[in-house]
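I opened my notebook to look over one structure, entry by entry. Come along and check each entry against the model.

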Amino acid sequence: MTRYLLRSVAPLGAERTDLLLGDGVILAVGADAREAAGRDAVVVDGDGLVALPGLVDLHTHLREPGREDTETVRSGTRAAAAGGFTAVHAMANTDPVADTAGVVEQVWRLGRDAGYADVRPVGAVTIGLAGERLAELGAMATSAARVRVFSDDGKCVWDPVLMRRALEYTRAFDGVVAQHAQEPRLTQGSQMHEGAVSAEIGLAGWPAVAEEAIIARDVLLAEHVGGRLHVQHLSTAGSVEIVRWAKARGIRVTAEATPHHLLLTDELARTYDPVFKVNPPLRTAEDVEAVRAGLADGTIDVVATDHAPHAAQDKDCEWSAAAFGMTGLETALSVVQHVMVDDGPFGWADVARVLSVTPAAIGGVTDHGRPLEAGEPASLVLVDPAARSVVDPAAQATASRNSPFAGRELPGAVRWTFLRGHATLADGVLTEADR
Ligand SMILES: [Zn+2]
């Protein structure tokens, strides 16, 4: 296996040092690394680059099996590697649905065979995402895929009895129930955030309360049964308040925000361009501010992409007919740098926390999100924070083109991604995986 000597990189933005990678691990740090490198190591000039633990996404749609025209496990994990991710959680709303040990093992194997990122399948909470009967959570947990996160994402587990049972049952294997908080009756036919813009442009509104009511109910259920709740793609100021309250009360709840909810607002719906149509919808500038504040003070634990690739025909159409969702794996780090580092209170250690360490902990991905120290797995990423570029969906590795950041200039570029010592991205170029 190739050894890499990463010269003069800044781990978490701190003082520069050298890292020697080999045999899948960080072999040595500092002067030891230079001494131990020998002549055969590939030298990477890391001057100006920040080293972070490989990013971990808690919320990715890989679309395989079923919609390989929009993404495959291979194309999606190539996009992940290009974006600095070394592990992704693949949502269950595939066809067939990932609601059995057989399907989650299939997705896990596809990820292993592709070799670009560790794929951790998310198991469905209910059979077929139908919201009627609990899926075999235990069988998925004990399968080769070792599922720890369960979600009907795309749909809300609306039935409070099923939600309660899922929270209770997952306690047996320290699993977590990740909820797509969307009250279905309050959002029937909804197209965008309910507010001044929706009233003005005449698209059916999606009230903040439809999200907040479910989160409020679920934190109380989690308190009642002692289970672990994870709130997916939280998007409103009220949701931040509820999670803040629940955490202060000691309830076992974690929450994620997406890059798009940290940057974009419902004003973009005025374009009627369905690239801005997403579930939950883009909210107001006040909501964006509250979500940023919640991420800054730790109320929101992680940034997760909700990478949702769609075929051109499902996006290049009238707004009301278009699919919900945006791609995000290849822009997530740049958006977080822009919003939280360049224009916010974060240092790079905070970025590592919300995009790697904490998502790995929530998902139970024990060999990711690790310190950059000798003996640790060599799953890490080198970022150039000084780079700037204009987002071009046609140049991305994802098989779909529905990026809401297209044409926007963003800071930061991922230069190298290593998965257990193998470079999946080398000097900005995706490599052939060696599996
Ligand atoms: Zn969702």
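Is Asp-306 buried or exposed? I looked it up: Asp-306 is buried, with a relative accessible area of 7%. Here buried means under 20% relative accessible area and exposed over 50%, with partly exposed in between, using a 1.4 Å probe and protein chains only.

**Entry: ground rules**

I noted that this is a predicted model, where local features need pLDDT of at least 70 and side-chain atom pairs count only at pLDDT 80 or more, while totals for chains, interfaces and linings use all residues. Residues are numbered from 1 along each chain as its sequence is written, and side-chain values use heavy atoms, with hydrogens and water left out.

**Entry: the whole chain**

I read off twelve helices and 19 strands for the chain. Helices (H or I, at least four residues) and strands (E, at least two) are DSSP runs, numbered from the N terminus. The radius of gyration is 21 Å, close to the 22 Å from the globule rule for 435 residues, so the chain is as compact as a globular protein of that length. That radius is taken over C-alpha atoms, and the globule rule is 2.2 Å times the number of residues to the power 0.38.

Along the principal axes, the C-alpha atoms fill a box of roughly 65 × 45 × 45 Å. Buried residues make up 60% of the 435 residues. I also looked at contacts, meaning heavy atoms within 4.5 Å. Among those between residues at least 6 apart in sequence, 74% join residues at least 24 apart.

**Entry: the zinc ion**

Which residues coordinate the zinc ion? I found Asp-153 (OD), His-180 (ND1) and His-233 (NE2), at 1.9 to 2.3 Å. Donors are N, O and S atoms within 2.8 Å of the metal (3.2 Å for Na, K and Ca), and water is not among the atoms, so sites may look incomplete.

Along the chain, the donors follow the spacing D-x26-H-x52-H. Asp-153 and His-233 link distant parts of the chain, 80 residues apart. Asp-153 sits in the loop between strand E9 (149-150) and helix H5 (160-169), and His-233 in the loop between strand E13 (229-231) and helix H8 (237-248). I checked their burial too: Asp-153 is buried at 4% relative accessible area, and His-233 is buried at 3%.

**Entry: two cis peptide bonds**

I found a cis peptide bond joining Glu-64 and Pro-65, with omega about 5°. Pro-65 is in the loop between strand E6 (55-60) and helix H2 (73-82). Another cis peptide bond joins Asp-95 and Pro-96, with omega about 5°. Pro-96 has its place in the loop between strand E7 (85-90) and helix H3 (101-114).

**Entry: positive phi**

Arg-63 has phi near 70°, a positive value in a residue other than glycine. Arg-63 is found in the loop between E6 and H2, and counts as buried at 13% relative accessibility.

Back to Asp-306: I see a positive phi of about 50° there, although Asp-306 is not a glycine. Asp-306 lies in the loop between strand E15 (302-303) and helix H11 (332-342).

**Entry: cavities**

How many cavities of 30 Å³ or more does the structure hold? I noted three. On a 1 Å grid over the protein atoms alone, a cavity is a set of points where a 1.4 Å probe fits but cannot get out, and lining residues have an atom within 4 Å of a point. Grid points are joined across faces, edges and corners, and a volume is the space filled by probe spheres set on the points.

The largest cavity holds about 60 Å³ of space. Its lining includes Gln-191, Met-192, Phe-276 and Trp-319. The second largest cavity holds about 50 Å³, and Arg-63 and Glu-64 are among the residues that line it.

**Entry: two residues and their contacts**

Val-29 lies in strand E3 (residues 25-29) and is partly exposed, with a relative accessible area of 30%. Val-29 and Glu-373 are 344 residues apart in sequence and 6.8 Å apart in space, C-alpha to C-alpha.

Thr-431 lies in the segment after strand E19 (429-430) and counts as buried at 17% relative accessibility. Leaving out residues up to four places away in sequence, I found that Thr-431 touches several residues, including Arg-78, Tyr-116 and His-422.

Note on methods. 1 Å grid on protein atoms, 1.4 Å probe; cavity = no way out; pocket = protein on both sides within 12 Å on 5 of 7 lines; lining within 4 Å.
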